[in-house]
Amino acid sequence: MSSPEIEALTQALARLPGLGPRSARRAVLHLLKKREIALEPLLRALDAVNARLTDCHVCGNVDTTDPCSICADTRRDSRMLCVVEEVADLWALDRSRLFPGRYHVLGGRLSALEGVRPEDLTIDLLIGRVAAGGVDEVVLAMNATLEGQTTAHYIADRLETYPVRLTQLAHGLPVGGELDYLDEGTLAQALRARRPVS
């Protein structure tokens, strides 16, 4: 049995993605054993982030500055705009360091079942960014789900009158994927997006 404070810490960690009760207990034990090198720096880092955490008013990213470090980076190509559903998608794409432009976070995806309408997302803000000029290409990086593709089609319709190039992430076979392990939807998309062998 542990104190209520330690139990509360364990339960708080267990609510994090990827951590269950057993993993949370192991993490708490590690933090307690290595208080000076693990617990205290973690507490300082959490406190600093908590004090400065904000949403970027330009793109919707979560950062400790507004505008965020991506929007403020002058080395980024402001003519390219990648639209993603959530901040996690932005971070995943940016981690690859393959996209040189800027981002726009919608804050979700259209879903009739969940009651998410266009006005619940930052689509109007996206249209405003494109209408202001200076954007040559909009990359629709929605998830390959029915709701993600519905959202991409809706945005494409809204951007139809603007002189921008609309592109979408390719879907289909993953690198290193074996055909017999892939689901039918992935295989169908790969077949539809087939291209000539050069």
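Hi everyone. Before we start, please keep in mind that this is a predicted model, where local features need pLDDT of at least 70, side-chain atom pairs count only at pLDDT 80 or more, and totals for chains, interfaces and linings use all residues. Residues are numbered from 1 along each chain as its sequence is written, and side-chain values use heavy atoms, with hydrogens and water left out.

Let's begin with the overall layout. The protein chain has eight helices and six strands. Reading from the N terminus, the order is α-α-α-β-β-α-β-α-β-α-β-α-β-α.

How does the radius of gyration of the protein chain stand against that of a compact globule? A compact globule of 198 residues would come out near 16 Å, but this chain has 21 Å. That radius is taken over C-alpha atoms, and the globule rule is 2.2 Å times the number of residues to the power 0.38. Along the principal axes, the C-alpha atoms fill a box of roughly 60 × 45 × 40 Å. Histidine 30 sits in helix α2, residues 21-33, and counts as partly exposed at 45% relative accessibility.

Buried means under 20% relative accessible area, exposed means over 50%, and partly exposed is in between, with a 1.4 Å probe and protein chains only. Of the 198 residues, 31% count as buried.

Now to the inside. In soluble globular proteins, nonpolar side chains tend to be buried together. A nonpolar core here is a set of buried Ala, Val, Leu, Ile, Met, Phe, Trp, Tyr and Cys residues joined through side-chain atoms within 4.5 Å. Which members of the largest core touch the most other members? Among its 17 residues, they are Val83, Val130, Val138 and Ile155. At least two residues each come from β3 (77-84), α6 (123-131), β5 (137-140) and α7 (146-158). The largest share, four residues, is supplied by α6. Apart from this core lies another, of 15 residues, including Ile70, Cys71, Val87 and Val139.

Let's zoom in on valine 130. Leaving out residues up to four places away in sequence, valine 130 touches Leu81, Val138, Leu159, Tyr162 and Val164, where contact means heavy atoms within 4.5 Å.

Next, two backbone details. Most residues other than glycine have a negative phi, and most peptide bonds are trans. Arginine 97 is not a glycine, yet has a positive phi of about 60°. You'll find arginine 97 in the loop between α5 (87-95) and β4 (101-105). Is arginine 97 buried or exposed? Exposed, because its relative accessible area is 75%. The other detail is a cis peptide bond joining aspartate 66 and proline 67, with omega about 5°. Proline 67 belongs to the loop between β2 (62-63) and α4 (69-72).

Last stop: glutamine 189, in helix α8, residues 184-192. Glutamine 189 counts as partly exposed, because its relative accessibility is 24%. Not counting residues up to four places away in sequence, glutamine 189 touches His171 and Gly172. From glutamine 189 to histidine 171 is 18 residues in sequence and 6.3 Å in space, C-alpha to C-alpha.
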